[in-house]
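Hi there,

Here is the structure I promised to pass on. My notes on it follow below the view.

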Amino acid sequence: MIPVSATDLGLVSLAGPVAPARRRPEELKSLAEEAARELEGAPAEEIARWAAEEFGDRFCVTSSMADAVLAHLVSRVAPGVDVVFLDTGLHFPETLKVRDTVARTLPVNVRSIRARMTVGQQDGEYGPRLFSKAPDECCALRKVEPLERALGDYDAWAAGLRRDESPTRANTPVVTFDARRGRVKVNPIAAWTQGDVDAYISRWNVPVNELFRQGYTSIGCWPCTRRTKAGEDPRAGRWAMFEKTECGLHA
């Protein structure tokens, strides 16, 4: 008698299902380029749905928790989606409140990703208040490396970048290939204006960071964020003492 294996019979291993292999960067790049052409001008929900259907569990949303617009939008087409939040240890309490509200009220799985070192350990290694001396290095330690570690589980990720936020984001595509990380990056609300965001928040009663009511127009870590003045660029309050406009996540 020829022995028959569990595999031959189609039985599921007791160890559980095997996760599908990651797609090759070349395949992801081609997919992103095609999607960028086909989805330009499409509604944000359609862009999010494409990503969720194309990548399944290998797709996640990233959120700074300035508001829950992107997490809410994607949850409508992909309930249970992972939402990655980079917990730098330097967030405003109001930001953490939004994160906790999202975890409690939306059909998503919030993953809070911390840096490898606590703020105290970082102070011991690099000296106190690294953010005031070398903000790029601080962002690399507390944001960039944690994101790259978190994205190890995914082939694609969504961000809430918008073209109207700053000149450096004016050409943001709705889908692109993040060559640095070898993954597809999806920007469902790239074409939205602030008015579109406000309308969505109002329609769906989306959680919003309370600091917006206190004169902040862009919210990051508390040491590197200030209120903006009338007429200033919305991101002028970020790293105001430095020639720096981005944390490095979207470079």
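**Leucine 211 and its surroundings**

Setting aside residues up to four places away in sequence, leucine 211 touches Phe92, Glu94, Tyr216 and Ile219, where contact means heavy atoms within 4.5 Å. Before going further, please note that this is a predicted model: local features need pLDDT of at least 70, side-chain atom pairs count only at pLDDT 80 or more, and totals for chains, interfaces and linings use all residues. Residues are numbered from 1 along each chain as its sequence is written, and side-chain values use heavy atoms, with hydrogens and water left out.

Leucine 211 sits in the segment after α9 (194-204); helices (H or I, at least four residues) and strands (E, at least two) are DSSP runs numbered from the N terminus. Is leucine 211 buried or exposed? Its relative accessible area is 2%, so leucine 211 is buried (buried means under 20% relative accessible area, exposed over 50%, partly exposed in between, with a 1.4 Å probe and protein chains only). From leucine 211 to phenylalanine 92 the C-alpha distance is 8.9 Å, although 119 residues separate them in sequence.

**The chain as a whole**

The chain holds nine helices and six strands. Of its 251 residues, 46% count as buried. Taking contacts between residues at least 6 apart in sequence, 68% join residues at least 24 apart.

**The sheet**

The six strands make an open sheet with mixed pairing, in the order β3-β2-β1-β4-β6-β5; two strands pair if DSSP finds at least two bridges between them. At the edges stand β3 (109-114) and β5 (175-178), each with a single partner strand, so one side of each has no neighbour in the sheet. From one strand to the next, the twist averages 30°. (Axes are lines fitted to C-alpha atoms, for helices over the stretch in contact, and angles run from 0 to 180 degrees between N-to-C directions.)

Strands β1 (residues 59-62) and β2 (residues 82-87) run parallel and are joined by three bridges. Within this pair, valine 61 is opposite valine 83 of β2. Helix α2 packs on the sheet, touching β5 and β6 (183-186), and its direction makes about 160° with that of β5. Helix α4 (residues 69-77) lies across β1, β2 and β4 (156-158), at about 155° to β1.

**How the helices pack**

Helix α2 (residues 25-39) packs with helix α3 (residues 44-55) at an angle of about 155°, their axes 12 Å apart. That makes the two roughly antiparallel (angles under 35 degrees count as roughly parallel, over 145 as roughly antiparallel, 65 to 115 as roughly perpendicular and the rest as oblique). On the α2 side the contact involves Leu28, Leu31, Ala35 and Leu39, which meet Glu46, Ile47, Trp50, Glu54 and Phe55 in α3. By class, that contact of α2 with α3 has seven nonpolar, no polar and two charged residues (Ala, Val, Leu, Ile, Met, Phe, Trp, Tyr, Cys and Pro count as nonpolar, Asp, Glu, Lys and Arg as charged, and the others, Gly among them, as polar).

For α3 and α4, the axes come within 9 Å and cross at roughly 65°. Ala44, Glu45, Ala48 and Arg49 of α3 make the contact with Leu73, Val74, Arg76 and Val77 of α4. These residues divide into five nonpolar, no polar and three charged.

**One buried glutamate**

Glutamate 165 lies in the loop between β4 and β5. With a relative accessible area of 16%, glutamate 165 is buried. Its C-alpha atom is 8.3 Å from that of threonine 193, 28 residues away along the chain.

Best wishes
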